[in-house]
Amino acid sequence: MSDSTNDDQTAERVDEPGGDAPRRPNPGAQAASRARRIGGRPMPGPRPAGEDSTKTESSSAARGRRSTATTAPPTSAAPPQKPKTAKPPKQPKARSAPLDATTYQRRLATAGLALIIVASVAVAAVLGIGLWLSHGVWWAKSSTDARRNTERQQVLAAAKTCTARILSYDYRTLAASEKAGQACATGQLKADYTKLMDTTVKQIAPQSNVVQVFQVEKAGVSSVSPDGKQWVIVVYGQQQVSSKTITSGPRLDISNAVVTLNKVGGQWLVSNMTTTS
């Protein structure tokens, strides 16, 4: 703006007393001055005859430099770099002092006690959950099974004993043999057994010195009634017979018996018997 102001003052200056002759305003300079004031570009005007080409070229070069300086993009400054700080050296870990024997044993005892407590709680929880889920059914079933197994052993033992007593006798002790057989029989079987002993065994056995012994090998349950008061047992064994007529020694016969037992007065007694040889 200082150049345009000087040019305007130069163009508009009038004669001063005692000075040189007044200069005529330059039309090109006036146009450039107006263009700079309004921000526009000067219109080319008529050049004076005395202006050389060198001045024109220098003005064009100056305008080119100003245009380049105006349109050149600003350069961004690089961000400042943070100074690197050195990492402190790692400190070695302090080693713990070794445990003495007393402290070591105390810790072992504490750990063992904790394990025992945890195991006890786990076992109690499992048992409680099992009892809750079963609603007592499993315990009742186990109790029933145990009672039934005990009863089964009692019935099998009675079947073995009574079968041997009913099918065995000795001519020298017929009264005792009959009494033992009658103690194991009940109902119709007891009546049939007594009749057989009186009409047959007591008549033939003393004459021929007959001794008959039934030896039980094993027994098994064939069936059980719905109320559990009647059991059918199969008894496997062999019968040894000796007499005067058997000169080669005692005869051994394979014999099996199907025995039905009923519970009478708290005892298991034979109510029916079928033998097979």
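Me: Which residue takes a positive phi in the hairpin of strand 4 and strand 5, and how many residues lie between the strands?
Reply: Good place to begin! Keep in mind that this is a predicted model. The residue is G265, with a positive phi near 60 degrees, and two residues lie between the strands of that hairpin. The hairpin of strand 2 and strand 3 has five residues between its strands, and there G228 takes a positive phi near 75 degrees.

Me: What makes us say that strand 4 and strand 5 pair?
Reply: Two strands count as paired if there are at least two bridges between them. Strand 4 and strand 5 have nine bridges, in the antiparallel sense, so by that cut-off they pair. As one example, A257 stands opposite T275 in strand 5.

Me: How do you know that strand 1 and strand 2 pair?
Reply: Set the number against the cut-off again: at least two bridges are needed. Strand 1 and strand 2 are joined by two bridges and run antiparallel, so they meet the requirement.

Me: How many bridges does strand 3 make with strand 2, and how many with strand 4?
Reply: Strand 3 (residues 230-242) pairs with strand 2 (residues 211-224) over 12 bridges. Strand 3 also pairs with strand 4 (residues 251-264) over 12 bridges. Both pairings are antiparallel. On the strand 4 side, I233 stands opposite V259, and V241 stands opposite R251.

Me: In what order do the strands form the sheet, and why do strand 1 and strand 5 stand at the edges?
Reply: The five strands form an open sheet in the order 1-2-3-4-5, with antiparallel pairing. Strand 1 (169-170) and strand 5 each have a single partner strand, so one side of each has no neighbour in the sheet. That is what puts them at the edges.

Me: Where do these strands fall in the whole protein?
Reply: The protein has seven helices and five strands. Along the sequence, the pattern is α-α-α-α-α-β-α-α-β-β-β-β.

Me: Why is Q212 called buried?
Reply: Buried means under 20% relative accessible area. Q212 has 14% relative accessibility, so it counts as buried. Q212 sits in strand 2. Apart from residues up to four places away in sequence, Q212 touches L167, S168, Y169, Q239, Q240 and V241.

Me: What makes the meeting of the Q212 and Q239 side chains a polar contact?
Reply: The distance cut-off is a pair of N or O atoms within 3.5 Å, and one atom must be able to donate a hydrogen while the other can accept it. The two side chains make their polar contact at 3.4 Å, so the distance is within the limit. Q212 also shows how the chain brings separated residues together: its C-alpha atom is 4.6 Å from that of V241, although the two are 29 residues apart along the chain.

Me: Is S208 buried or exposed, and which label does N209 get?
Reply: S208 has a relative accessible area of 19%, under the 20% cut-off, so S208 is buried. N209 has 24% relative accessibility, between the 20% and 50% limits, so N209 counts as partly exposed. S208 belongs to helix 7, while N209 is in the loop between helix 7 and strand 2. N209 is not a glycine, yet its phi is positive, near 55 degrees.

Me: What lines the second largest pocket, by class?
Reply: Its lining has nine nonpolar, five polar and no charged residues. The pocket holds about 240 Å³ of space. Of the 14 lining residues, I166, L167, Y193, L196 and M273 are the closest to its centre. Helix 7 (187-208) and strand 5 (267-276) each supply at least two lining residues, and helix 7 gives the most, with six.

Methods: Residues numbered from 1 in each chain as written. Predicted model: local features only at pLDDT ≥ 70, side-chain atom pairs only at ≥ 80, totals over all residues. Heavy atoms only, no water. 1 Å grid on protein atoms, 1.4 Å probe; cavity = no way out; pocket = protein on both sides within 12 Å on 5 of 7 lines; lining within 4 Å. Points joined across faces, edges and corners; volume = space filled by probe spheres on them. Helix = DSSP H or I, 4+ residues; strand = E, 2+ residues; numbered from the N terminus. Nonpolar A, V, L, I, M, F, W, Y, C, P; charged D, E, K, R; others polar. Buried < 20%, exposed > 50% of the residue type's maximum accessible area, 1.4 Å probe, protein only. Contact = heavy atoms within 4.5 Å.
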